[in-house]
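User: I've got a structure here and would like to talk through a few of its residues. Can you walk me through them?
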Amino acid sequence: MVEASTGVGKSIAYLLPSAVWALQNNTRVVISTNTINLQDQLIKKDIPDLRTVLNVNIQAAVLKGRSNYLCPRRLENIRHRGPTSAE
C-alpha cells in the first residue's frame, strides 16, 4: 500500500513491481483506477516512462468505465426490462 500527496510518483510505486512481476511470470496484471484522469496519466505518461526506464516493451490497454461495456448481467436486464434509453 502506498500513500502520499499528489505528484510524488505513487503510480510508479505500483507500476514498477507490477511490470517486473508480470515480465518475470509471463502474465498480465490489471491496474484498476478510480478516475479516467488517472487512467490517462498511466497510459500516456507513466507506462511509457516505465518502458524507457526498464528498456522493455510493456504492453498496456485501457478499458474506460464498466458502464461503457455490455456484460452478461446487463444484457439479461435489457432482455427482461427493455432498454432504459435509445442509446
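User: Let's start with Ile31: what is its place in the structure?

Analyst: Keep in mind that this is a predicted model. Ile31 is in contact with Tyr14, Leu15, Ser18 and Leu42, leaving aside its neighbours within four places in sequence. As for its own place, Ile31 is in the loop between helix 1 and helix 2.

User: Is Ile31 buried, exposed or partly exposed?

Analyst: Buried would take under 20% relative accessible area, and exposed would take over 50%. Ile31 has a relative accessible area of 33%, so it counts as partly exposed.

User: And Asp46, is that one buried or exposed?

Analyst: Asp46 is in helix 2, which covers residues 36-54. Setting aside neighbours within four places in sequence, Asp46 is in contact with Ser11, Ile12, Leu15 and Gln41. The cut-off for buried is under 20% relative accessible area. Asp46 comes in at 4%, so it counts as buried.

User: What separates the C-alpha atoms of Ile31 and Cys71?

Analyst: Along the chain, Ile31 and Cys71 are 40 residues apart. In the model, the separation between their C-alpha atoms is 20 Å.

Note on methods: Residues are numbered from 1 along each chain as its sequence is written. This is a predicted model: local features need pLDDT of at least 70, side-chain atom pairs count only at pLDDT 80 or more; totals for chains, interfaces and linings use all residues. Side-chain values use heavy atoms; hydrogens and water are left out. Helices (H or I, at least four residues) and strands (E, at least two) are DSSP runs, numbered from the N terminus. Buried means under 20% relative accessible area, exposed over 50%, partly exposed in between (1.4 Å probe, protein chains only). Contact means heavy atoms within 4.5 Å.
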